[in-house]
Amino acid sequence: MEFNYPLDTFQKNSIRHINEGSSVFVSVPTGAGKTTVAEYCIHKCLTEGANVVYTAPIKALCNQKYHDFKNQFGNIDVPETFGGDGYGDGDNLWYDSFYDNNNTHNNRSMVNDKTPNVGVVTGDIQVNDEAQCLVMTTEILRNMIYKNSGYLDNVDYIIFDEIHYISDESRGHVWEEVITKCPRHIAFIFLSATSPNRVEFCDWVSKTRPEKKVYIEYSDKRPVPLNMYLYYGEPESNTDFDPKKNLLCMRKGETVLNVDRKLFSLKHSSGSTGKDHSTIRISGLISSKCLCEEIIFRQWYLPLRGARPRSICST
């Protein structure tokens, strides 16, 4: 697979691990190029006649990735046959009725012009469920494992996007079940921009599944800057938004006290306008829920000379 851009070191190393058949945890900031590793793995599996599963925790993300991969790999040349389930037209891989004593899971010949390369299966939609590359939610994959789906016999890699969902209190057990119970010949690719305990996680995976080596590729280089901003303005100027004048950038690690001081300065620095700056509207997009709540407390319950925020929300 050729790329029209130079690869970073973590991408080159990840590709080398994939070529060796090993598992790899890619931990880099958003926008740094995690998807490139997944794309290489999918291309490799397609061209070698193997199946590959791409999982995402959210249905909307599954739909997005399905359309992206369909456009990218829909016309790629693949071998005429690959492993699949021995079910006929009209049978459904995901229905319990398929998994009865009258069915067996055998390799099946697939013809390129009849079987699309990419499919998607979520709780809402099911498209091309015989494809070599299937995009699905992790819960769907877990169901396949418990039902001994023959599709998994020819899967080389499972790609876990947003693997940090394994720490989710209500859903994390699904990722644990998939990792521990899926067929032992399958290797993993873990993708995450939020993984402070990646070393402990990979140590657990390597002990749980010693058949495959697990490598970590980490980079803290952020090619796409991530900043938080507060928007401030007069109550009557709903349509007069000037991003050059009305955005206050909050730098990484900045304390709430510093933000308070900046807002105080902004509210009371231009008294020549003749406007009452005690009613200046303050809105914010803040990535931290705790920081958001603290700013609301300080700006609302501990107002600076009567100034109150009209809207502060977190993302």
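Exposed here is over 50% relative accessible area, buried is under 20%, and partly exposed is in between, with a 1.4 Å probe and protein chains only. Helices (H or I, at least four residues) and strands (E, at least two) are DSSP runs, numbered from the N terminus.

A word on the model. It is a predicted one, in which local features need pLDDT of at least 70 and side-chain atom pairs count only at pLDDT 80 or more, while totals for chains, interfaces and linings use all residues. Residues are numbered from 1 along each chain as its sequence is written, and side-chain values use heavy atoms, with hydrogens and water left out.

Back to helix 3. Its buried residues are Leu61, Cys62, Lys65, Tyr66, Phe69 and Phe73. Viewed down the helix axis, these buried residues fall within an arc of 140 degrees, so they line one face of helix 3. The arc is taken from the directions from the helix axis to the C-beta atoms. As background, an α-helix has 3.6 residues a turn, so residues three or four places apart point the same way.

What covers that face? The cover of the buried residues includes helix 2 (34-48), strand 2 (51-56), strand 5 (118-121), strand 6 (126-127), strand 7 (133-137) and strand 8 (155-161). As for length, helix 3 takes in residues 59-73, and its 15 residues should span 21 Å at 1.5 Å a residue; the end C-alpha atoms are 20 Å apart, which agrees. The expected span is 1.5 Å times one less than the number of residues.

Next, Asn128. Asn128 sits in the loop between strand 6 and strand 7. Its phi is positive, about 55 degrees, although Asn128 is not a glycine. Its relative accessibility is 28%, so Asn128 counts as partly exposed. Which residues does Asn128 contact, leaving aside its neighbours within four places in sequence? They are Tyr66, Pro116, Val118, Gly119 and Leu134, where contact means heavy atoms within 4.5 Å. Tyr66 is also one of the buried residues of helix 3. Pro116 is 12 residues from Asn128 in sequence, and their C-alpha atoms are 6.5 Å apart.

Asn148 also has a positive phi of about 55 degrees although it is not a glycine. Asn148 is in the loop between helix 4 and strand 8. With a relative accessible area of 58%, Asn148 is exposed.

Helix 4 itself, residues 138-146, holds Met144. Met144 is buried, at a relative accessible area of 1%. Met144 and Cys182 are 38 residues apart in sequence, with 9.2 Å from C-alpha to C-alpha.

Now the charged pairs. Side chains of opposite charge can pair when their charged atoms come close. The rule used for a salt bridge is a side-chain nitrogen of Lys or Arg within 4 Å of a carboxyl oxygen of Asp or Glu. How many salt bridges does this rule give? The count is six; I will go through some of them.

Glu48 pairs with Lys44, with the closest N and O atoms 3.2 Å apart. Both lie in helix 2, four residues apart, about one turn of the helix. Lys44 counts as buried at 17% relative accessibility, whereas Glu48 is partly exposed at 48%.

Arg171 and Glu139 meet in another salt bridge, at 3.1 Å from N to O. Arg171 lies in the loop between strand 8 and helix 5 (172-181) and Glu139 in helix 4, so the pair ties together parts that are 32 residues apart in sequence. Arg171 counts as partly exposed, at 22% relative accessibility.

Arg184 and Glu211 also form a salt bridge, with the closest N and O atoms 3.2 Å apart. Arg184 is in the loop between helix 5 and strand 9 (187-192), and Glu211 is in the loop between helix 6 (198-208) and strand 10, so this pair ties together parts 27 residues apart in sequence. Arg184 is partly exposed at 34%, and Glu211 is partly exposed at 44%.

Finally, the whole chain. The protein chain has eight helices and 14 strands. Of its 315 residues, 46% count as buried. Among contacts with a separation of 6 or more, 70% are between residues 24 or more positions apart.
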